[in-house]
Amino acid sequence: MQKHAAPADVTPPMGECRTEYRGLPDANGEDAGTVPAALRKVSIVPLVFLIFYEVSGGPFGIEDSVGAAGPLLAIVGFLVLPVIWSIPEALITAELGTMFPENGGYVVWVASALGPYWGFQQGWVKWLSGVIDNALYPVLFLDYLKSAVPALGGGPPRAFAVLGLTAVLTLLNYRGLTVVGWVAICLGVFSILPFFVMGLISLPRLRPARWLVVDLHNVDWNLYLNTLFWNLNYWDSISTLSGEVDNPGKTLPKALFYAVIFVVVGYLYPLLAGTGAVPLDRGQWSDGYFSDLAKLLGGAWLMWWVQAAAALSNMGMFVAEMSSDSYQLLGMAERGMLPAFFARRSRHGTPLVGILFSASGVLLLSSLSFEEIVAAENFLYCFGMLLEFIAFVLLRVRRPDAPRPYRVPLGTAGCVAMLVPPTALIVVVLALSTLKVALVSLGAVAIGLVLQPALRFVETKGLLRFAVNTDLPDIGVGQSSASAEEPVTP
């Protein structure tokens, strides 16, 4: 493949795409076109399930919304919040993900609009929030199994279970994104089926009046909003896999559309079944309660099915999130924002160093509780989304004629109006955070503010090699001293 390196004395305007997007080099530095398609391209069906697992993975974890606010507010929340938050985020991801179809994803969006410093900050907070989010899945996995295996409730057995689970799922990511995509399909079908059956069994017992129960004087707004927000965000995570998608200009928007419907229905269907068929006891509605509901409605066999589905669903969410996190680090390295060794690909075409870094972060954070993990990752995620919103609007203003295979069907003013409700939601989520979560999260943000200059210092001293992938269009986000003439893989 012909390289398209910009001359050293020419710097295109920030955000300008002077060359077409082309394939990335493989682990041996060869043209990606020589790599078997099965190793490097993801089609629409696996992509839908990858998005499903990035965002949802099923109704596991939504129980706290009922415990915090009652059935009516829980149902309304999962109807309204997708309109306020999920659809705008999915639309932004469709437009910018097809405008910049590379593995840097939202990092490149922000860098092209605000410069490489803020692009790095975006990458830092989003990667950190993703790793924190991924640390949740071993917790949820063991929470669903501890009723059947009490030893998994704590101590060395739980620690060894987390370690073993993380190792097995990390190996799946190492074997390739296509493998992860088809595993996601199988896990997704298995995880959704018991809730479909539970819904059918619940039909004779449904009492619609139970859906209308509400007590506004007894609402834990912090837990309620954090639960809704956590279960309906991360639509943009799929953007860090754009470089691995078959025909992203058409495939990504379609996959996001189908995934939004899939996720919302996947929440509302079991929520309506569970709250309508069983008398309300808000104290019981907490993490893992769907397995108890399954036993009440269908018996032990359905409980075991739901528990197995929960376990496998958490496996699916883990591998999807780790794929996103690790490919993000690869994409940042290809833009010269991280050392070149992060761009190394294994013989399966996967970002080996990124996978190992992400797995290490999961193990370090997996001792936190469910509520602490959700609150911390939501706080950090909010910072990243504010940067994305700003970048989206600035790119519309500064680069209105740039190629966009998919374009949100609104003018600039309409896009700004679309972003007002989600921005207000971000402010509310941040305001409701506890002091402990706020201090820890702000400390993490502060680390990123000094980490980027530290990496630039390391680069100028020649302590680590940084390089820009010349197969990517020059959009003015590479570091000044990163070589644009050498490939990113040693």
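At 37% relative accessibility, Pro400 counts as partly exposed, a class that lies between buried (under 20% relative accessible area) and exposed (over 50%), as judged with a 1.4 Å probe and protein chains only. The residue is placed in the loop between α14 (370-398) and α15 (412-431), where helices (H or I, at least four residues) and strands (E, at least two) are DSSP runs numbered from the N terminus. Leaving out residues up to four places away in sequence, Pro400 touches Leu395 and Arg407, contact meaning heavy atoms within 4.5 Å. The C-alpha atoms of Pro400 and Thr412, which are twelve residues apart along the chain, are separated by 9.2 Å.

The structure is a predicted model, in which local features need pLDDT of at least 70 and side-chain atom pairs count only at pLDDT 80 or more, whereas totals for chains, interfaces and linings use all residues. Residues are numbered from 1 along each chain as its sequence is written, and side-chain values use heavy atoms, with hydrogens and water left out.

Considered as a whole, the chain contains 16 helices and zero strands, and 57% of its 490 residues count as buried. Among the contacts in the chain with a separation of 6 or more, 82% are made by residues 24 or more positions apart. The accessible surface of the chain comes to about 18500 Å², of which carbon and sulfur atoms hold 70%; such areas come from the Shrake-Rupley method with a 1.4 Å probe, and for residues only the protein chains shown count as cover.

The largest nonpolar core has 128 residues, and those with the most contacts inside it are Leu50, Ile51 and Trp85. Helix α12 (residues 300-334) gives the most to this core, with 14 residues. A nonpolar core is here a set of buried Ala, Val, Leu, Ile, Met, Phe, Trp, Tyr and Cys residues joined through side-chain atoms within 4.5 Å. Apart from residues up to four places away in sequence, Ile51 touches Trp235, Ile238, Ala255, Leu256 and Ala259.

Helix α5 (residues 106-114) is largely enclosed by the rest of the structure, because eight of its nine residues are buried. These buried residues are Tyr106, Val107, Val108, Trp109, Val110, Ala111, Ser112 and Ala113. The helix is followed by Gly115, whose phi is positive, near 105°.

Several residues of the loop between α9 and α10 can be described individually. The C-alpha atoms of Ser237 and Glu321 are separated by 7.8 Å, although the two residues are 84 residues apart along the chain. Tyr234, also found in the loop between α9 and α10, has a positive phi of about 75° although it is not a glycine.

A search of the whole structure finds one cavity of 30 Å³ or more. On a 1 Å grid over the protein atoms alone, a cavity is a set of points where a 1.4 Å probe fits but cannot get out, and its lining residues have an atom within 4 Å of a point. The largest cavity has a volume of about 40 Å³, a volume being the space filled by probe spheres set on the grid points, which are joined across faces, edges and corners. The lining consists of Glu54, Val55, Ser56, Asp133, Tyr137, Trp230, Asn231, Asn233, Tyr234 and Met317, and at least two of the lining residues come from each of α2 (44-55), α6 (116-145) and α9 (221-231). By class, the lining has five nonpolar, three polar and two charged residues, where Ala, Val, Leu, Ile, Met, Phe, Trp, Tyr, Cys and Pro count as nonpolar, Asp, Glu, Lys and Arg as charged, and the others, Gly among them, as polar.

Methods:
1 Å grid on protein atoms, 1.4 Å probe; cavity = no way out; pocket = protein on both sides within 12 Å on 5 of 7 lines; lining within 4 Å.
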